[in-house]
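Colleague: I would like to go through the strands of this model with you. Could you put it on the screen?

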Amino acid sequence: MSETKGKSPLHTMTLTSPTEFWNDSCAIEDLKYAIDNGATGGTSNPIIVGEVLKRELDTWRPRIVSLIEGNPTAGEDVIAWKIMEEITVNAAALLKPIFDKNNGRNGRLSIQTNAKYYRDTKAIVQQAMHFDSLYPNNNIKLPVTKAGVDAIEELSYQGVSINATVSFTVPQSIAVAEAVERGMSRRQKEGKDISTMSPVCTVMVGRLDDWLKVQMVKKGIVTDPGYLEWAGVAVAKKAYQIYKERGYRTRILNAAYRNHFHWSEFIGGDVSMTIIADWQKKFNASDVEVKNRIADPVDPKIIAELEKKFPDFVRAYDERGMKPEEFEHYGAGRRTLLAFLAGYADLVQVIRHIMISDPDVKGE
């Protein structure tokens with residue numbers, strides 16, 4: 001890494017290493033802050049869009065009312081998805097110059113398929129293809145369930161850049177990378193272009209830590225509590241090492257931040273990180289040294305203790321720890337799918353209250 005210094009630690013990281021970061025939101029002001037500090041991408045999901053909508057409801061209310069009035073037979077779900085698409089497309093425009101400059105490798109904003117489709121490959125692919133038509137600089141997010149892995153292969157064949165989410169483990173990361181390779185290889189054999197594709201595989205490092213902490217309480221496990229701050233780091237570093245050794249064309253994207261290790265331990269790697277605005281500001285205000293740590297191993301004592309006492313860490317860390325059929329039943333996955341579904345329900349409720357209760361709609 002060079003001695004170049006940026007305006008903030010995150011900016012310095014992007015200037016001195018191949019490590020990138022995204023804004024884990026499609027809120028315009030958050031995205032502007034992130035881009036100003038070196039961000040090269042952004043992401044969204046129903047929870048994020050719902051939070052943006054609540055923060056910017058005065059801005060979006062007239063548009064929601066217009067959509068309701070202009071679509072007299074449309075239900076609340078239809079209006080909710082139209083708003084999600086518009087919020088995402090608007091935010092993607094800020095990243096388009098980065099996308100154009102980097103031939104598609106960077107400058108993308110992820111949009112997430114309906115979490116209700118986690119068992120339905122056909123439904124995932126159909127919605128993903130629709131999203132792919134909305135704006136050029138997209139990554140299409142879909143869950144790493146068995147159906148999701150099958151969808152990843154088909155979408156990669158179709159030329160769609162995916163962002164695999166609801167992913168916490170080495171087995172999931174490998175399944176994603178292999179599915180992308182199969183799809184892109186099929187595409188190449190037919191002479192179709194892959195030069196601007198940029199697939200990523202999310203590892204939700206903090207959500208793995210969260211799940212093991214739940215297991216510790218539930219099962220009465222006694223261990224050094226600090227060790228549980230390293231589980232996600234250990235998994236993501238192992239997945240990254242495997243990716244580099246095997247030459248996968250997918251990049252690791254770390255998500256779900258709980259401590260600075262989830263950032264600082266990956267500096268120097270050819271990875272991306274999707275970081276919410278609050279954590280970006282914490283990191284930028286911190287005195288954590290920006291230096292290459294990607295090759296630093298997690299203490300073997302920590303890994304041995306986690307393997308000894310947490311079967312779900314073994315399932316996450318061992319590349320053969322789970323088969324695709326098991327992915328949707330993994331504890332962290334169940335919790336995350338339920339959170340996404342709850343976030344979507346909250347978003348729909350915002351639309352519902354405007355559709356049914358707003359006097360501007362009912363003419364009262």
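Colleague: How many bridges join strand S5 to S6?

Modeller: In this predicted model, two bridges join S5 (residues 162-165) to S6, and these strands run parallel. Cysteine 201 in S6 stands opposite alanine 164. Between S5 and S6 the chain passes through helix H8 (residues 170-189), a β-α-β crossover that is right-handed.

Colleague: And how many bridges join S6 to strand S7?

Modeller: Five bridges join S6 to S7 (residues 251-255), again in parallel. Alanine 255 in S7 is the bridge partner of methionine 204.

Colleague: Why is S6 described as largely enclosed?

Modeller: Five of the five residues of S6 (residues 200-204) are buried, that is, under 20% relative accessible area, so the rest of the structure largely encloses this strand. Val200, Thr202 and Met204 point one way, Cys201 and Val203 the other, and all are buried.

Colleague: Turning to S4, which way do its residues point, and are they buried or exposed?

Modeller: Asn138, Ile140 and Leu142 point one way from S4, whereas Asn139, Lys141 and Pro143 point the other way; all are buried. Because six of the six residues of S4 (residues 138-143) are buried, S4 too is largely enclosed by the rest of the structure.

Colleague: Which strands pair with S4?

Modeller: Strand S3 (residues 108-112) pairs with S4 in the parallel sense over four bridges, with asparagine 138 as the bridge partner of leucine 109. Four bridges also join S4 to S5, in parallel, and leucine 142 stands opposite alanine 164 in S5. The chain crosses from S4 to S5 through helix H7 (residues 146-157), and this β-α-β crossover is right-handed.

Definitions and conventions: Residues numbered from 1 in each chain as written. Predicted model: local features only at pLDDT ≥ 70, side-chain atom pairs only at ≥ 80, totals over all residues. Heavy atoms only, no water. Buried < 20%, exposed > 50% of the residue type's maximum accessible area, 1.4 Å probe, protein only. Pairing = 2+ DSSP bridges. Right-handed = clockwise from strand over helix to strand, strands pointing away.
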